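Q: Hey, can we go through this one together? I'd like to start with the rings.

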Amino acid sequence: MHSQMRWRLCWESDLELADHVELAKFFRTTYGPTGAFNAKPFEGSRSWAGARPELRLIGYDADGIAAHLGVLRRFIKIDGIDLPVAELGLYGIRTDLERLGVSHSIRAMLPTLQDLAVPFAFGTVRPELQRHIERFGRYGPVTVFSHVRVRSTLQEPRLDKPPTRIDDALVVVLPIARSMSDWPSGSMIDRNGPEL
């Protein structure tokens, strides 16, 4: 049985160094089993992988950080159409809490997304997480799109790589202030920045 979850919603600028250190360890532990490359961005006290979030929802229990979700407002383009969104990323659940329904508590972010007055929340996930996201979608108005390419800038420009990359990720959309029928159809999303 897991202990009671306590949620903390905070602006990025409210985090102390100790918070970043604890979050970095959480992400190394959470993302590390999927490959050393996935844990590498979180070395030391770095608690973000690409773009830094604007807001973080951090779940705590008696054992420390149990869950995390980052949010960043931005404009994306879908086949040339500008669209303001709240990008969701840096999603993680401590491995000992997987399959216990803790991920459904991420709904704690919904009132904040509504306060941000964006039409949609948007995020991308690896194809390996499709079943998990679809299960989560059974409890709310989440739509998952496949066969959509997402263009992102690299976090740091490098002389040996192009400045952007294109991924075939699963796109997750949550309607906030508008209906899903208002989401533009298209096969290419330009994130206009690094992935959150």
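Predicted model: local features only at pLDDT ≥ 70, side-chain atom pairs only at ≥ 80, totals over all residues.

Q: How many aromatic pairs does a search of the whole structure find?
A: Seven. Rings of Phe, Tyr and Trp (its six-membered ring) pair if their centres lie within 6.5 Å; planes under 30 degrees apart are stacked, over 60 edge-to-face, and the rest tilted.
A: Phe-120 and Trp-183 make an edge-to-face pair, 5.1 Å centre to centre with 85° between the planes.

Q: Are Phe-120 and Trp-183 buried or exposed?
A: Both are buried. Buried means under 20% relative accessible area, exposed over 50%, and partly exposed in between (1.4 Å probe, protein chains only).

Q: Which residues do ring pairs link into a cluster?
A: Phe-26, Phe-27, Tyr-31 and Phe-42.

Q: New topic: what sits over the ring of Trp-48?
A: The charged end of Arg-52, 3.8 Å from the ring centre. That label needs NZ of Lys or CZ of Arg within 6 Å of the ring centre and within 35 degrees of the ring normal.

Q: And the backbone: what's phi for Ala-117?
A: Near 55°, which is positive in a residue other than glycine.

Q: Why does Ala-117 count as exposed?
A: Because its relative accessibility is 62%.

Methods. Residues numbered from 1 in each chain as written. Heavy atoms only, no water.
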